[in-house]
Amino acid sequence: MYLGIPELMEHYPELGSVEKEIKYAVERIAAGFRKGGKLLLCGNGGSASDCQHIAGELIKGFASKRKPGESRRRELEKKGVACKIIDGLQEGLPAIPLIGADALCTAVLNDMAPSLIFAQQVYALGKAGDVLWAISTSGNAENVINAVKVAKAMGLFTIALSGKGGGWSGKNCDCAIIAPADETYRVQEYHLPIYHAICREVERKFFL
């Protein structure tokens, strides 16, 4: 079963060049969660789908069942939530993909500037101590760059997941994970196992 960074390195030895950065991303995402922060995710096209995928692995159980802890269970029971509902819940980590909110995104496109679609959400939702995970195969998507600029100005930690040498995001984010590929489809093929390993390692830090 695919579990985490050691397995990632075994199956993709060429990713050894970014192992340190992957581990750094895990530590900073986990640190943000421990301090009550959240993870914001942005990207376009296939990377937008990756944002939703990552959020899904963190908001609900990935490789762990994450049953509600006793204290939270008692709290819900006191509020009248039925045991049947509580038994079906899983502990989650706050990850927000800044894509998919059609009404909001089209409002920004219509009323503001298309290149601000992610920056506006970072400005409204982000706070110091949060993490922005910016995914761009080239590292040069303008709307992603703008989001990173706003995030850094607001005190968010920024992670780039890119390829093709990293582009602007790879040079300016606090942590840059640059897949060793140039073709977009190859970069995306590396991104999936990379973020699965990150999600699993983050999950391990909070849940058995």
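Guide: Two strands count as paired if DSSP finds at least two bridges between them. In this predicted model, strand β1, residues 39-42, pairs with β2 in the parallel sense over three bridges.

Visitor: Which residue is the bridge partner of Leu-39 in β2?

Guide: The partner of Leu-39 is Ala-95. Helix α2, residues 19-34, packs on the sheet and touches β1, β3, β4 and β5, and its direction makes about 135 degrees with that of β5.

Visitor: What is the order of the strands in the open sheet?

Guide: The five strands of this open sheet follow the order β2-β1-β3-β4-β5, with parallel pairing. Because β2 (95-97) and β5 (175-178) stand at the edges, each with a single partner strand, one side of each is left without a neighbour in the sheet. From one strand to the next, the twist averages 15 degrees.

Visitor: How should I read the packing of two helices, and at what angle do the axes of α3 and α10 cross?

Guide: In general, two packed helices are described by the angle between their axes and by the distance between the axes. Here the axes of α3 (residues 46-59) and α10 come within 10 Å and cross at roughly 20 degrees. Angles under 35 degrees count as roughly parallel, and α3 and α10 are therefore roughly parallel to each other. The crossing in which α3 passes α10 is right-handed.

Visitor: Which residues make the contact of α3 with α10?

Guide: Among them are Asp-50, His-53 and Ile-54 of α3, together with His-191, Leu-192 and Tyr-195 of α10. By class, this contact of α3 with α10 has six nonpolar, six polar and two charged residues.

Key
Residues are numbered from 1 along each chain as its sequence is written. This is a predicted model: local features need pLDDT of at least 70, side-chain atom pairs count only at pLDDT 80 or more; totals for chains, interfaces and linings use all residues. Side-chain values use heavy atoms; hydrogens and water are left out. Helices (H or I, at least four residues) and strands (E, at least two) are DSSP runs, numbered from the N terminus. Axes are lines fitted to C-alpha atoms, for helices over the stretch in contact, and angles run from 0 to 180 degrees between N-to-C directions. Contact means heavy atoms within 4.5 Å. Angles under 35 degrees count as roughly parallel, over 145 as roughly antiparallel, 65 to 115 as roughly perpendicular and the rest as oblique. A crossing is left-handed if the near helix is turned anticlockwise from the far one by less than a right angle, and right-handed if clockwise. Ala, Val, Leu, Ile, Met, Phe, Trp, Tyr, Cys and Pro count as nonpolar, Asp, Glu, Lys and Arg as charged, and the others, Gly among them, as polar.
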